[in-house]
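Open the model in your viewer and keep the selection panel at hand.

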Amino acid sequence: GIANYVFYENSTIKGISIPDSVTTIGTCVFYGCSNLREISIPDSVSSIGALAFDSTPWFEEKQTENPLVIINNILLDGKKCDGDVVIPDGVTEISSYAFYECKSLQTIFIPESVKLIGDNAFSTAHVSTEGFFWGGGYWGDLLSISVDPNNKYYCDVDGVLFDKSMETLIQCPTSYECSEYHIPDGVKTIRSNSFYGCTGIDKIECPDSVITIESNAFKMFTSLGEISLSRNLKKIGSYAFENCRNLYEITIPESVEEIGYNAFFYADLYEITIENPDVELPSGFLINHMETIDGKTVYSYTGVINGKEHSTAQKYAEDNNIKFNSLGTFTYNYGDVTGDGIIDATDASFILTAYAKSSINEDDGMTAQQRKCADVNKDGVVDAVDASTVLTFYALSSTGNKQTFDEFVMSLSNL
């Protein structure tokens with residue numbers, strides 16, 4: 001294949017004939033080759049990377065001939081399209097960024113033949129430089145994305161694009177008209193840029209099936225005023241809520257273990273509640289104010305952080321001179337993994353199941369708090385030893401042993 005960027009912005013190339021031995025053309029391979037007017041692409045090429053030919057005279061001529069640029073059944077570009085677009089049957093792949101910032105596109109139909117849709121293929125919002133920090137200049141007319149019901153890889157629900165399993169939300173149209181959108185139950189991943197630049201939705205409800213919010217997922221979602229996050233959410237990606245200018249408060253559930261860099265950069269948050277006392281908070285994840293001091297741009301957060309005493313949230317607030325509101329002291333009830341106030345065989349079984357999953361590199365199914373409570377011997381590992389300790393304590397308690405769990409664990413360490 002031809003490697004990514006290999007001829008990037010090479011102004012000396014005027015024509016090229018790709019040999020039959022080539023099957024793949026990488027990302028941005030010929031991007032910006034300002035004198036490239038002749039290209040011969042053999043039928044052997046079955047994969048073409050994003051923006052491979054963009055900003056070349058050859059590509060611009062192709063766009064003039066047909067706003068849908070299709071090479072070897074790969075839809076490379078549709079940025080010149082407007083109104084209602086039907087992708088021809090026979091297209092097997094829609095390239096990354098194919099309709100990126102195509103602000104006049106209103107509806108699009110994906111045929112049965114499509115097997116692969118690249119990243120950000122339908123991110124149609126256009127962003128003006130002037131509006132970047134102040135919530136202006138974002139637009140796009142895309143109202144709906146529909147998929148042939150016989151497509152084996154993708155589907156739509158009311159104009160929103162999903163993978164066929166309905167586990168990944170891929171793209172919500174920028175001008176989707178719905179004041180309150182409920183993400184369908186069963187969705188596990190909200191894909192990168194999936195709500196980028198949306199302007200018609202005020203409120204989002206995430207089901208508890210959602211585990212991951214990828215980077216930029218809600219970026220520049222200017223109309224978003226309220227979002228309810230999954231109680232099983234584990235990861236919020238970098239820039240996930242950047243420039244959400246109407247989002248004034250949010251609660252990050254206890255289940256969240258990772259928050260990406262600049263996740264809330266220039267969201268207009270006045271108040272954020274962070275339930276997990278141990279969640280890692282990267283520098284600059286929370287910014288809503290910018291000013292120039294002595295010629296330097298200084299970013300800060302002027303709102304309130306709510307969290308537990310002695311938590312990472314409190315430390316972040318103290319380190320960055322942010323007002324902190326205490327939600328009380330968090331205590332770990334070691335052994336009570338299920339959180340029902342009882343240490344019994346159910347907790348032991350829960351720990352053992354989690355250990356079995358982690359042993360084969362599967363998700364253990366526990367929140368950060370559950371993992372902490374499960375590590376009863378505090379060796380940093382949740383394993384069969386912890387499960388055995390809990391089960392032994394339960395058995396002894398059932399026979400009348402009056403020791404607390406902490407006393408029981410301490411007695412084991414003294415043996």
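A residue is called buried here when its relative accessible area is under 20%, exposed when that area is over 50%, and partly exposed in between. The model is predicted.

Stop 1: Select Arg-371 to begin. With a relative accessible area of 25%, Arg-371 is partly exposed.

**Stop 2: other salt bridges.** How many salt bridges does the structure hold? The count is 12.

Select Glu-242 and Lys-219. They form a salt bridge in which the closest N and O atoms are 3.5 Å apart. Glu-242 sits in the loop between β22 (235–236) and β23 (249–252), and Lys-219 in the loop between β20 (212–213) and β21 (226–228), so this pair ties together parts that are 23 residues apart in sequence. Both Glu-242 and Lys-219 are buried.

Next, select Arg-231 and Glu-275, whose side chains meet in a salt bridge of 2.8 Å, N to O. Because Arg-231 is in the loop between β21 and β22 and Glu-275 in the loop between β26 (271–274) and β27 (286–287), the pair ties together parts that are 44 residues apart in sequence. Arg-231 is partly exposed, at 42% relative accessible area. Glu-275 is also partly exposed, at 22%.

Then select Asp-54, Asp-77 and Lys-79 together: a network of salt bridges links these three residues.

**Stop 3: the largest nonpolar core.** Nonpolar side chains tend to be buried together in soluble globular proteins. Select Phe-195, Phe-241, Phe-264 and Ile-272, the residues with the most contacts inside the largest nonpolar core, which has 50 residues. At least two residues of this core come from each of β15 (160–163), β23, β26 and α2 (312–319). The largest share, 3 residues, is supplied by α2.

Which residues are in contact with Phe-264, leaving aside its neighbours within four places in sequence? Show Phe-241, Phe-285, Leu-269 and Leu-286, then Ile-250, Ile-252, Ile-259, Ile-272 and Ile-287; these are the contacts of Phe-264.

**Stop 4: another core.** Finally, select Val-91, Ile-94, Ile-110 and Ile-145. They are among the 23 residues of another core, which lies apart from the 50-residue one.

Technical notes
Residues are numbered from 1 along each chain as its sequence is written. This is a predicted model: local features need pLDDT of at least 70, side-chain atom pairs count only at pLDDT 80 or more; totals for chains, interfaces and linings use all residues. Side-chain values use heavy atoms; hydrogens and water are left out. A salt bridge is a side-chain nitrogen of Lys or Arg within 4 Å of a carboxyl oxygen of Asp or Glu. Helices (H or I, at least four residues) and strands (E, at least two) are DSSP runs, numbered from the N terminus. Buried means under 20% relative accessible area, exposed over 50%, partly exposed in between (1.4 Å probe, protein chains only). A nonpolar core is a set of buried Ala, Val, Leu, Ile, Met, Phe, Trp, Tyr and Cys residues joined through side-chain atoms within 4.5 Å. Contact means heavy atoms within 4.5 Å.
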